[in-house]
Amino acid sequence: MTQPLRIAIAGLGTVGIGVIKMIRQNAALIEARTGRTVEITGISARSRDKDRGISLSGYNWEDNPVTLATRDDVDVFVELMGGSDGPAKAATEAALAAGKDVVTANKAMLALHGQPLAEQAEAAGQVLRFEAAVAGGIPVVKALTEGLAGNEITRVVGVMNGTCNYILTRMEATGQGYNVLFDECAQLGYLEADPNLDVGGIDAGHKLAILASIAFGTQVDFDAMELEGIQRITLEDIAQAADMGYKIKLLGVAQLTGRGLEQRMSPCLVPNTSPLGQLDGGTNMVVLEGNHVGQIVLRGAGAGEGPTASAVMSDIIDIARGTRLSTFGQPATSLTSATPARAVTPAPYYLRMKLMDKPGALAKVAAILGDCGVSIDRMRQYDHDDEAAPVLIVTHKTTRADIDAALAAFATTDVVHGAPVTLRIEEL
Ligand code: NAP
Ligand code: HSE
């Protein structure tokens with residue numbers, strides 16, 4: 001009989017406990033599918049005494065995750081502690097150095113240290129897998145590295161932070177403001193330990209950087225990402241975007257053009273009838289485009305105990321079956337270092353501004369847009385009580401550079417109050 005696959009789990013929080021429950025509940029099914037059993041030979045977390053809702057008495061406990069990672073009775077080290085550095089990285093490096101395979105859900109660690117970790121794993125002949133790091137239960141890493149491996153990937157687009165999508169959709173549904181819903185997320189336990197990782201777009205940016213590496217064969221480069229969170233989105237933005245037929249989403253887009261690698265994670269408008277526009281609550285959606293397959297849309301739970309454990313288990317099962325893939329879908333030493341490029345692909349833009357309600361004000365704005373080569377598609381002015389009128393403009397496709405030139409020119413007039421809200425419109 002094939003030997004059991006012996007795993008050690010560091011991190012017994014939402015995901016770690018979910019993995020243990022799944023291994024227990026689906027043991028027979030896992031054995032049938034892999035031809036061997038999966039055995040937990042050791043565990044670690046910060047507090048040994050914490051009630052975790054299930055009995056853990058049958059497992060060897062290690063206080064130090066690095067010690068756990070290097071035990072002789074471990075084949076696979078499963079890192080579920082989180083944090084880009086600290087014990088997660090130290091234990092992962094120690095496990096690889098000790099000849100163990102590693103499975104992790106840690107997007108921050110991979111986005112910031114993915115290249116050296118992949119090189120270390122591959123030099124040692126070990127595998128480093130991370131399906132759960134991107135979009136929770138959605139098997140998007142597998143889709144890119146395996147299902148679409150024959151395609152040139154042209155674009156990766158997605159909503160990859162459930163917390164932000166929850167806040168934005170609840171703002172629209174309930175009319176409650178950003179701060180109220182941020183507090184609701186804190187109470188529901190949706191926020192990362194550092195909430196700025198969620199609402200600042202960083203968590204979703206980490207995920208997009210990882211997918212971009214696999215999609216384009218480039219070294220993961222989170223630092224080059226254009227990043228903007230959802231903190232400045234107001235109820236007014238949401239209501240007025242809806243009035244023009246759009247929803248606001250924290251959207252990631254990555255594509256490799258002749259100018260370099262574009263990676264941006266920022267609030268964008270999407271048509272409210274589109275699949276992304278229909279995405280409510282904490283759900284994630286990733287859209288992949290390949291030169292032969294066309295467009296693939298993956299939708300599902302981006303977080304939570306069951307969905308994330310499901311993704312971790314798919315990596316463990318791959319290892320149990322003997323599937324040994326390169327970390328980012330091709331040897332780490334062959335990944336290229338892409339030139340970062342600002343988004344230059346033309347798109348329609350949404351501009352919301354406060355305009356002095358006096359003769360010639362709108363004409364000035366229209367003239368500036370025209371001078372900057374920006375063509376107006378639709379425009380709407382709203383009722384107002386004070387001297388400044390809310391005005392919405394949707395442009396035809398234009399470049400960010402032309403929009404920036406128009407914004408700079410608006411600032412020199414006496415008719416536009418403050419800086420207009422400017423959001424790119426993605427039409428998928
Ligand atoms: P969590 O509930 O906060 O659990 C973290 C676990 O790690 C806890 O058991 C904690 O121990 C342990 N831990 C933290 N620091 C440690 C240290 N220095 N030494 C030993 N143990 C330590 O986190 P989680 O939600 O399960 O997330 C785990 C990983 O999965 C993270 O990388 C996260 O980004 C990723 N992820 C999570 C989700 C999700 O839905 N939750 C989805 C996708 C990916 P104590 O319990 O004793 O404090
Ligand atoms: N904070 C993340 C989210 C958890 O809201 O999507 C899953 O990575």
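**Salt bridges and strands**

Tutor: The structure holds 26 salt bridges, a salt bridge being a side-chain nitrogen of Lys or Arg within 4 Å of a carboxyl oxygen of Asp or Glu. This is a predicted model, where local features need pLDDT of at least 70, side-chain atom pairs count only at pLDDT 80 or more, and totals for chains, interfaces and linings use all residues. Side-chain values use heavy atoms, without hydrogens and water, residues are numbered from 1 along each chain as its sequence is written, and chains are lettered from A and ligands numbered from 1 in the order in which they are written.

Student: OK, which residue forms a salt bridge with Asp 101?

Tutor: Arg 324, and the closest N and O atoms are 2.7 Å apart. Asp 101 sits in strand E4 and Arg 324 in the loop between H12 and E12, so the pair ties together parts 223 residues apart in sequence. Helices (H or I, at least four residues) and strands (E, at least two) are DSSP runs, numbered from the N terminus.

Student: Is Asp 101 buried or exposed?

Tutor: Asp 101 is buried, because its relative accessible area is 7%. Buried means under 20% relative accessible area, exposed over 50%, and partly exposed in between (1.4 Å probe, protein chains only). Arg 324 has 43% relative accessibility, so Arg 324 counts as partly exposed.

Student: What about Glu 184, what does that one form a salt bridge with?

Tutor: With Arg 170, the closest N and O atoms being 3.4 Å apart. Glu 184 belongs to helix H8 (residues 178-188) and Arg 170 to helix H7 (residues 162-174), so this pair ties together parts that are 14 residues apart in sequence. Glu 184 is buried at a relative accessible area of 18%, while Arg 170 counts as partly exposed at 28%.

Student: And which side chain meets Arg 71 in a salt bridge?

Tutor: That of Asp 73, at 2.9 Å from N to O. Asp 73 has a relative accessible area of 22%, so Asp 73 is partly exposed.

Student: Which residues are linked in a network of salt bridges?

Tutor: Arg 155, Arg 264, Glu 289, Arg 424 and Glu 426. One of them, Glu 289, points one way from strand E10 together with Thr 283, Met 285 and Val 287, and these are buried.

Student: Let's stay with E10, then. How many of its residues are buried?

Tutor: Eight of eight, for residues 283-290. The other way from E10 point Asn 284, Val 286, Leu 288 and Gly 290, also buried.

Student: What does E10 pair with?

Tutor: With strand E6 (residues 153-159) in the antiparallel sense, over six bridges, and with strand E11 (residues 294-301), also antiparallel, over eight bridges. Two strands pair if DSSP finds at least two bridges between them. Gly 290 is the bridge partner of Ile 153, and Ala 301 in E11 is that of Thr 283. A hairpin of three residues joins E10 to E11.

Student: Switching topic: where is Asp 386?

Tutor: In the loop between strand E13 (376-381) and strand E14 (388-395). Asp 386 counts as partly exposed because its relative accessibility is 45%. A hairpin joins E13 to E14 through six residues, and five bridges join these antiparallel strands, with Arg 380 and Leu 392 as bridge partners.

Student: How many residues of E14 are buried?

Tutor: Eight of its eight. Ala 388, Pro 390, Leu 392 and Val 394 point one way, and Ala 389, Val 391, Ile 393 and Thr 395 point the other way. E14 also pairs with strand E12 (residues 349-356), antiparallel over seven bridges, and there Tyr 350 stands opposite Val 394.

Student: Back to E4. Which strands make up the open sheet with parallel pairing?

Tutor: Five of them, in the order E2-E1-E3-E4-E5. Strand E2 (38-44) and strand E5 (128-129) are the edge strands, each pairing on one side only. Strand E3 (residues 76-79) and E4 (residues 101-104) pair over four bridges, and Val 76 stands opposite Asp 101.

Student: Last one: where is Gln 330?

Tutor: In the loop between helix H12 (305-321) and E12. Gln 330 has 27% relative accessibility, so Gln 330 counts as partly exposed. The C-alpha atoms of Gln 330 and Gly 200 are separated by 31 Å, and the two residues are 130 residues apart along the chain.
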